Amino acid sequence: MDFWQSCLKRLESEFSPQLFKTWIAPLRAELLAENTVCIFAPNSFKLQWVKNQYITHLQAAFDEFFKCPITIDFALSSRENAASSDNKKQEPHAEDKESVRNNLNRLDSKPAAVSKNNGVAGLNPKLDFENFVAGKANQLARAAAIQVADNPGKSYNPLFLYGGVGLGKTHLIHAIGNKILQKNPKAHIRYIHAERYVSDVVKAYQRKAFDAFKHYYHSLDLLLIDDIQFFSEKSRTQEEFFYAFEALVGTGSQIIITSDTYPKELIGIEERLKSRFSSGLTVAIEPPELEMRVAILVRKSAQEGIELPENAAFFIAKNVRSNVRELEGALQKVFVYARFHQQAIDVDMIKLALKDLLSVRNAQTSVENIQKTVADFYKIKTSDMYSKRRKSSIALPRQIAMYLTKELTQKSLPEIGELFGGRDHTTVLYATRKINASRQKDQGLNHELHVLEQMLKA
Ligand code: ADP
Ligand code: MG
């Protein structure tokens, strides 16, 4: 099997079938020199998108396959190749226009190089503290990360970061790794995604190479392990990780873990691990608030040398609310649209560029959808959203749905009351205040609300 086929196999397991089919399967790759791989994309839109969104996945796949750090270059496939795999209907703006191509070629002339040392550590040097925008939503996590980067092994061990997708967990732990590496280039650092750790355990098992595996992991100075929820139900991995954990913490090495949920909520993870996870510092990253979303947009535009007017930034930030990754995706769409149509960026243009995204969002956050999603989540009937039943197992989800309706739609309190079985607006007000107050105190509820918000905004 050639290297790209083998990497594709691995990548396929990391994405949903839909994402894989849309973005990864149409790519081709060629080994240019000993350690340079060129990725060919069928059009400039896909090229830019893959480069922005999936480079870390590609990097990890190549590093693993070649067992050495690989430099990735990007290029457009030739026209003939593009014709077969390109889906023009999906990307109406990605037709072959010379100006777009030139612009993109200029942008892409700088290869996404990863330095030797970083390749070995698995770190992406571009993810650092300097380009991590601070805000209320991530200030605790960021402060903890900085403190750990300044005193590895001595402040919080482990540091456990949790939060929904696209909120910056991976970025932040790479930033810690990069900072520690910068101060101590000899430090033994490893960034690894939990899924990859699982597959490494399996390989060590098959090759009867556990001694080498243990030796490697137990002698690190810093272990960054991402998305630990993937250890769920993997008992052999959990056992290995438990030993690694004890060995590392015992010798003062730093461990940093990320997860989509806080330790106690992890499903399919041994108790002894969960209690170890909570034995250091556990901090959440919250979805970014409006001001932070604007700041991120402005920063990312400046990085690309593109001027984004303030009202345009506000418009995007108001409409794309769930996470930073989605925000970046929307911004890229706007850039591609502006470049293609040779147009300055303003609100009217953004409405066109993000048409699909905006209409999906509106459809998904309809009140019926909120009611149904919340009812399904708490396993009650959707009709109980309008019923008079007051049992708390029903009243609480109903209050949550009212709260989410207020938060996610433009509906007024009386309108919401009407849609929830003709209730008075004071009932809605009470519900939104109550849930708002409870989520500040109750971590479990706060997490459930995050999950619901992600589902509704996805
Ligand atoms: P997670 O690991 O939580 O799913 P990532 O760390 O992969 O999220 O972040 C998604 C994208 O958003 C990345 O491109 C990352 O660089 C960017 N990002 C997230 N948070 C910030 C931030 N505070 N400032 C700048 N970029 C951010
Ligand atoms: Mg991540």
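## The shell around ligand 1

By class, seven nonpolar, seven polar and four charged residues make up the shell around ligand 1. Here Ala, Val, Leu, Ile, Met, Phe, Trp, Tyr, Cys and Pro count as nonpolar, Asp, Glu, Lys and Arg as charged, and the others, Gly among them, as polar. The model is predicted: local features need pLDDT of at least 70, side-chain atom pairs count only at pLDDT 80 or more, and totals for chains, interfaces and linings use all residues. Residues are numbered from 1 along each chain as its sequence is written, chains are lettered from A and ligands numbered from 1 in the order in which they are written, and side-chain values use heavy atoms, with hydrogens and water left out.

Which residues come nearest to ligand 1? Of the 18 around it, they are Val133, Gly166, Lys169, Thr170 and His171. A residue is near a molecule if one of its heavy atoms lies within 4 Å of it. Helix 9 (169-183), helix 14 (290-303) and helix 16 (324-341) each give the shell at least two residues. Helices (H or I, at least four residues) and strands (E, at least two) are DSSP runs, numbered from the N terminus.

## Polar atoms at the ligand

Lys169 places a polar side-chain atom 2.8 Å from an oxygen atom of ligand 1. The side chain of Glu328 has an N or O atom 2.8 Å from an oxygen atom of the ligand. For Asn138, a side-chain N or O atom is 3.3 Å from a nitrogen atom of ligand 1. The protein buries 91% of the 560 Å² that ligand 1 exposes when taken alone. Accessible areas come from the Shrake-Rupley method with a 1.4 Å probe.

## The second largest pocket

This pocket has a volume of about 920 Å³. A pocket is an open set of points on a 1 Å grid over the protein atoms alone, where a 1.4 Å probe fits, with protein on both sides within 12 Å along at least five of seven lines; lining residues have an atom within 4 Å of a point. The volume is the space filled by probe spheres set on the points.

Of the 31 lining residues, Ala137, Glu286, Pro287, Arg439 and His450 are closest to the centre of the pocket. The lining has eleven nonpolar, eight polar and twelve charged residues. Helix 23 gives the largest share, five residues.

## Backbone features

Most residues other than glycine have a negative phi, and most peptide bonds are trans. The bond from Asn157 to Pro158 is cis, with omega near 0°. Pro158 sits in the loop between helix 8 and strand 4 (159-162). Lys208 has a positive phi, near 50°. Its place is in the loop between helix 10 (194-206) and helix 11 (210-218).

Methods: A polar contact is a pair of N or O atoms within 3.5 Å; within protein, one must be able to donate a hydrogen and the other to accept it, and residues adjacent in sequence count only if both atoms are side-chain atoms.
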